[in-house]
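Me: Hi! Could you walk me through this one with me? I'd like to chat about salt bridges and then a helix.

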Amino acid sequence: MPYIKESKYDKSIPFLHKNAHFSTIYAAKVKNFSAPKYKREKLELSDGDFLNVDYKMQSKTKAVILCHGLEGNSQRTYINSCADYFLRQDFSVFAWNNRSCGGEMNRLPRLYHHATIEDLDAVVQFALNKEIQEVYLIGYSMGGAQVMNYFGRISEINSKVKAGVAVSVPVEVKASAESLKKGFNQVYMKNFVIDLTKKLKVKSEQFPELMNWKNIKNIKDFDYLDDNFTAPMHGFIDKNDYYFKVSPARSMEKINKPVLIINAFDDPFLGQGCFPIEIAKNNSFVHLETPKYGGHCAYPMKNSVYSYAEIRAFDFFKSL
């Protein structure tokens, strides 16, 4: 069924993790999972910029491409856990870093956002050039939005790209931004703002004439950051234009390959519009699973070092 009302995950969650903040913070700050021994390549892009791609070849039959979240990278715990799980299932793994992520600042003014599908497509082509026969995509949070936008906006996807999974994904980016203004959620927002502000200061040194960098000191939240920097840097009118156009909600009706969305109802990063039940009911390619618990990019399991997200993603791909 495209819309899964009852998630198996709700029966396997550890008791303490029924608190969404505990689950989210534990997964991000406490849980430790080492990265595989990757090979890193610098992928040169057509516009003169580059991406760093970490990968490990396990099989030429199947590969998974892993997409990290906002201000994440290829070495985040949720990426490492997923990578290890799929390597054990005999998949090759490609974990890529968005521009400016992965420990090296990019060359051009632009950074990245929820709909930078050209960069994701460059990674897909990179994997296909390794003669991989079947490619699957998994994205977390913003990376999940990139996966959904990829399947909804790329008109002709290579037949070797089979399916995708989007975990904890802001289907409506504005709703997510609004959720991060509320209560304890502001802690998460402030961490993002601090990291992004540091990058903007580097960009101000690289491109001093690009915009009014003096306003950096006024950044306190996403409203100001996205209105004055993110939107103009990427060619949008303002934050509302940016939120609207990059949201997967604008493209998911056009998805015509299997995509599974796993969004927990207790996810502190998600708001109204991030649980597209009606679209899942009407588009047989869009599968939506809404666990009651899970937090943001967490989904810890009893008696397992892995999360429900990667286990469910593998089962979904296998079922196809």
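This is a predicted model: local features need pLDDT of at least 70, side-chain atom pairs count only at pLDDT 80 or more; totals for chains, interfaces and linings use all residues.

Me: Great. How many salt bridges are there by this rule?

Reply: The count comes to 18 salt bridges.

Me: Which residue does D54 meet in a salt bridge?

Reply: The side chain of D54 meets that of R40, at 2.6 Å from N to O. The pair links distant parts of the chain, with D54 in strand β3 (residues 50-56) and R40 in strand β2 (residues 39-44), 14 residues apart.

Me: And is D54 buried or exposed?

Reply: D54 counts as buried, because its relative accessibility is 2%.

Me: OK, what about K181, which residue does its side chain meet?

Reply: K181 forms a salt bridge with D223, at 2.8 Å from N to O. This pair also connects distant parts of the chain: K181 sits in the loop between α5 and α6 (185-206), D223 lies in helix α7, and they are 42 residues apart. K181 is partly exposed, at 31% relative accessible area.

Me: Nice. Where are R312 and E289?

Reply: R312 is in helix α10 (residues 308-319) and E289 is in strand β9 (residues 286-289), 23 residues apart. They form a salt bridge whose closest N and O atoms are 2.7 Å apart.

Me: Why does R312 count as buried?

Reply: Because the cut-off for buried is under 20% relative accessible area, and R312 has 16% relative accessibility. E289 is buried as well, with a relative accessible area of 1%.

Me: Which residues are linked in a network of salt bridges?

Reply: D47, D49, R99 and D119 are linked in that way.

Me: Switching topic to helix α8. Which of its residues are buried?

Reply: Helix α8 covers residues 239-246, and its buried residues are K239, D241, Y242, Y243 and V246.

Me: What do those buried residues pack against?

Reply: They pack against three helices, α4 (142-153), α5 (173-179) and α7 (222-233).

Me: Last one: what does the D238 side chain reach at the start of α8?

Reply: A side-chain oxygen of D238 comes to within 3.2 Å of the backbone nitrogen of N240.

Me: Thanks, that's just what I was after!

Terms used:
Residues are numbered from 1 along each chain as its sequence is written. Side-chain values use heavy atoms; hydrogens and water are left out. Buried means under 20% relative accessible area, exposed over 50%, partly exposed in between (1.4 Å probe, protein chains only). Helices (H or I, at least four residues) and strands (E, at least two) are DSSP runs, numbered from the N terminus. Contact means heavy atoms within 4.5 Å. A polar contact is a pair of N or O atoms within 3.5 Å; within protein, one must be able to donate a hydrogen and the other to accept it, and residues adjacent in sequence count only if both atoms are side-chain atoms. A salt bridge is a side-chain nitrogen of Lys or Arg within 4 Å of a carboxyl oxygen of Asp or Glu.
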